[in-house]
Amino acid sequence: MKKRALYPYFFVVLLFDACGQTTDKNITTPLTNSFTASLVVDGLQNPWGMVFLPNGKILTTEKAGKLLLFQNGSKTEITNLPNIYVRGQGGFLDVELHPNYNENGWIYFSYSSSEGNESGGNTAIMRAKLVANQLTNKELLYKGVPNTRKGQHWGSRLEFDDKGYLYFSIGDRGNRDVNPQDITRDGGKIYRIHDDGRIPDDNPFIDRRGAKKAIYSYGHRNPQGLVKNPFTGEIWNHEHGPRGGDEINIVEKGKNYGWPIITYGINYSGTKITDQTAKSGMEQPVYQWTPSIAPSGMTFVNSENYPDWQGSLLVGSLAFQYLERLELKNGKVVRREKLMDGLGRVRNVRQAPDGFIYVAVEGKGIYRLDPK
């Protein structure tokens with residue numbers, strides 16, 4: 001077996017071994033479920049991103065480089081995709097609709113791209129339209145540089161805020177000691193652009209010489225959750241820590257989130273990364289997970305379908321294979337609950353326009369949570 005094929009499996013095993021703990025005393029498991037998990041889309045291997053089109057259609061990415069459309073039990077593979085560089089944790093990643101999709105038809109993607117002069121790849125952002133089961137009007141909006149053959153920490157989620165700005169994340173690309181704290185370099189950042197790729201005039205580093213003008217915040221490790229808080233309009237993210245120290249943050253303009261100068265995690269080998277968990281000028285997380293749950297996907301619940309979950313944050317766990325519900329009070333986590341325990345590696349979770357929660361599980365498919 002090639003090393004490339006072994007990498008994802010090795011990473012998961014390493015994560016379990018490095019955490020040294022497969023239980024978490026700070027989380028509860030309900031005695032009875034308030035919902036039934038109904039499999040609505042089957043046969044998916046790594047459903048990284050998903051969005052909901054009109055008329056009940058679901059559009060999902062497969063990390064291996066496919067875009068699939070589901071409607072009424074049928075599956076259609078979309079053609080004319082961009083060239084996708086599949087390596088390690090990289091491939092076809094997130095997908096998001098323009099807030100005015102019904103009027104303009106724009107769909108946004110994040111993916112691993114080899115475009116550029118160096119070998120390897122980096123994270124790219126594209127928008128396109130879907131016509132007759134193929135992508136048209138493709139426009140590359142942003143491409144991280146430089147390319148690297150490292151397979152880890154691509155990010156990358158997409159989210160729009162209430163003003164129509166597009167936010168996206170790029171992980172540190174395995175270069176933790178250089179990229180996250182250097183605003184002249186891509187990687188370890190969350191970015192903000194206009195829907196057509198233009199840089200907003202009020203971005204925090206727009207006047208900083210040599211800076212990447214699209215950067216909105218920095219000091220991140222590998223953000224794989226990005227969502228708008230529907231109650232406040234804030235953009236929230238979560239990101240993978242190393243061994244321990246996964247974080248939830250509220251993304252604020254120009255702020256430094258500390259990686260790797262401050263962290264609650266340690267190296268996978270057990271050695272220290274730093275002695276500091278806090279430092280002046282660097283933000284503290286809303287919450288941090290130790291042991292690491294390996295978070296992926298995130299959504300707020302504001303649907304009347306789940307009255308007991310109002311205001312909760314749902315996050316998928318890749319490492320421990322469950323869906324986590326975090327109760328919030330005044331912006332702080334006050335209780336954690338384990339749902340869908342053991343069903344599989346939860347890659348994504350979203351609240352759809354129909355008010356139901358949909359959960360994407362690797363090797364299985366997409367489940368709808370039907371309240372009892």
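**Close-up views of a predicted model**

View 1. Strand β14 (residues 223-228) pairs with β15 in the antiparallel sense over five bridges, where strands are DSSP runs of E with at least two residues, numbered from the N terminus, and two strands count as paired if DSSP finds at least two bridges between them. The structure is a predicted model, in which local features need pLDDT of at least 70 and side-chain atom pairs count only at pLDDT 80 or more, whereas totals for chains, interfaces and linings use all residues. Residues are numbered from 1 along each chain as its sequence is written, and side-chain values use heavy atoms, with hydrogens and water left out.

View 2. Five bridges join β15 to the antiparallel strand β16 (residues 246-251), and in β16 the bridge partner of Asn-237 is Asn-249. The hairpin of β15 and β16 also has six residues between its strands, and Gly-244 in its turn has a positive phi of about 85°.

**View 3. The open sheet β14-β15-β16-β17.** Four strands in this order form an open sheet with antiparallel pairing. Its edge strands are β14 and β17, each of which pairs on one side only. Neighbouring strands are turned by 20° against each other on average, direction ignored, the axes being lines fitted to C-alpha atoms and angles running from 0 to 180 degrees between N-to-C directions. Three bridges connect β16 and β17 in the antiparallel sense, and Asp-246 has Trp-289 as its bridge partner in β17.

**View 4. Trp-289 and the largest nonpolar core.** A nonpolar core is a set of buried Ala, Val, Leu, Ile, Met, Phe, Trp, Tyr and Cys residues joined through side-chain atoms within 4.5 Å. Of the 19 residues in the largest one, Trp-236, Ile-248, Trp-289, Leu-313, Val-315 and Leu-326 touch the most other members. The elements giving two or more residues to this core are β17 (287-289), β18, β19 (313-317) and β20. Not counting residues up to four places away in sequence, Trp-289 touches residues including His-238, Ile-248, Val-315, Leu-326 and Arg-336, contact meaning heavy atoms within 4.5 Å.

**View 5. The open sheet β18-β19-β20-β21.** Four strands in this order form an open sheet, and the pairing is antiparallel. β18 (295-300) and β21 (332-339) stand at the edges, each with a single partner strand, so one side of each is left without a neighbour in the sheet. The twist averages 25° from one strand to the next. Seven bridges join the antiparallel strands β20 (residues 322-329) and β21, and Leu-326 stands opposite Arg-336 in β21.

Key:
Buried < 20%, exposed > 50% of the residue type's maximum accessible area, 1.4 Å probe, protein only.
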